[in-house]
Amino acid sequence: MTGLKNSSWGRILALFTRYFFLLRSSWPRIIEIAYWPTMQMVMWGFVSKHFAPSSPELTAGGVLISVVLIWDTLFRSHISYTLSFLEEMWSRNLGNLFVAPLRPWELMLGLACISLIRTLIGMVPAALLAIPFFGVSVFEMGFPLFAFFFNLVLTGWAMSQFVTAILIRYGLGAESLTWVLPFLIAPFSCIYYPLSTLPAWMQDVASFIPTTYVFEGMRALLIEGVWRQDLLLQALGLNVVYLGLGMGTFLFAFRVARTHGLLLQAGE
Amino acid sequence: MNFSSPYVDLPQRLTVRENLLVYAKLYGVINPGNRVAEVAESFRIENLLNQRLRRLSSGQKTRVSLAKSLINKPEFLLLDEPTASLDPDTTSWIRELLRQYRDKEGATILFASHDMREVELLCDKALLMKKGKLVEEGTPTQLLEKYNRDNLEDVFLQVNRRKEE
């Protein structure tokens, strides 16, 4: 095609630009992204303060506030990815997108990029406000914070890949899965309690969930001062497996949707 | 390749310019800003560029969708009822614009329409379909001669009723 240049990165950048335009088109939405994590932090901050004198092990090192913030990273990462995809469905735009030379994996990467930006917009203000409000700085964790954050972002994306696969195949009727899925894994993730609290069968299930290792690792670091690299690697390994499975599921669902003409029908 | 259909929307919260710019970039158009200005001029939507899509009338949205469909100067263009919701005057110049584009760029246009007059005016070859199956094909002149009719609408009715008998 004369006069045109085409590359995957160019298309991913175009998608990113589109999501950026969407984001900046509504200031209330930007504020809302930061609002929920901040409210969570404030609420759990006071809970932590209340229990500090009677249960120091529960609040040592600001663990309660830190795990709340880190858990919200997963939730934001997942919601941001899936909502950006839902925007395409709500606006019945999938047909236009995939008539363009856009490949499904480029869409996935574009969604992941904007998810990361939205997650940072949500989490950074809450994490910064925790310092003056409750004297807890998650940034003092240094590299482990980045490792925890990165793993939970990956888990969020993996969940989103499964949800978007279902959405593209079965339509907006499956929309509520977006909100349900993070809470399905929450009890097994051992966010607020150690793994040993769970009954044996739940511990078995929990061992297949990457977030369990992240929160166990975080408790070890904040309460015992031990950096458990092995837990992080287990989380990363599981994330790689789930991301691979999620990508495969999405690509399969996309192929089925395209064969059945569902891309043009997707929407409200 | 590109595509336009009244049944597939562009994002409503973006402005016309933002929508066109994103698609120009998706198609890898060089100087996307210039190309957006060109198609905006062609489809007479320059004054709408900074408006959000949701504020436009359905006719204006159709013109934006058509502008998007030419953003990459496609060699193959899929149009689904491209003049739906346009007034007769706009329909007339849009048809002319599409014809000029086809001739200038040597593009192939696959065009789905229920408006047989439009098919007669624009198409080199017409395919009549019924329940997803091809039931007749030929140039508009061939079809008119074959069925001894004055216009394609009558041809369509005859073909459609014949098959139902």
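Biologist: Which residues of helix 8 of chain A meet helix 10 of chain A?

Modeller: Contact here is a distance rule: two residues touch if their C-beta atoms, placed from the backbone, lie within 7 Å. Helices (H or I, at least four residues) and strands (E, at least two) are DSSP runs, numbered from the N terminus. In this predicted model, A:Ile185, A:Phe188 and A:Ser189 of helix 8 meet A:Thr211, A:Thr212 and A:Phe215 of helix 10 of chain A. That contact has three nonpolar, three polar and no charged residues. In this scheme Ala, Val, Leu, Ile, Met, Phe, Trp, Tyr, Cys and Pro count as nonpolar, Asp, Glu, Lys and Arg as charged, and the others, Gly among them, as polar.

As it is a predicted model, local features need pLDDT of at least 70 and side-chain atom pairs count only at pLDDT 80 or more, while totals for chains, interfaces and linings use all residues. Residues are numbered from 1 along each chain as its sequence is written, and chains are lettered from A and ligands numbered from 1 in the order in which they are written.

Biologist: At what angle do helix 8 and helix 10 of chain A pack?

Modeller: Axes are lines fitted to C-alpha atoms, for helices over the stretch in contact, and angles run from 0 to 180 degrees between N-to-C directions. Angles under 35 degrees count as roughly parallel, over 145 as roughly antiparallel, 65 to 115 as roughly perpendicular and the rest as oblique. Helix 8 (residues 177-189) and helix 10 (residues 210-224) of chain A pack at about 45°, with axes 9 Å apart, so they are oblique to each other.

Biologist: And how do helix 7 and helix 11 of chain A cross?

Modeller: Their axes come within 8 Å and cross at roughly 20°, so helix 7 and helix 11 of chain A are roughly parallel. Their contact has 18 nonpolar, seven polar and one charged residues.

Biologist: What span should helix 6 of chain A have?

Modeller: The expected span is 1.5 Å times one less than the number of residues. Helix 6 (residues 104-134) of chain A has 31 residues and should span 45 Å; its end C-alpha atoms are 44 Å apart, which agrees. A:Gly135 follows helix 6, with a positive phi near 65°.

Biologist: How many residues does each chain bring to the contact between chain B and chain A?

Modeller: Chain B brings 21 residues and chain A brings 25. Helix 1 of chain B gives the most to its side, with five residues.
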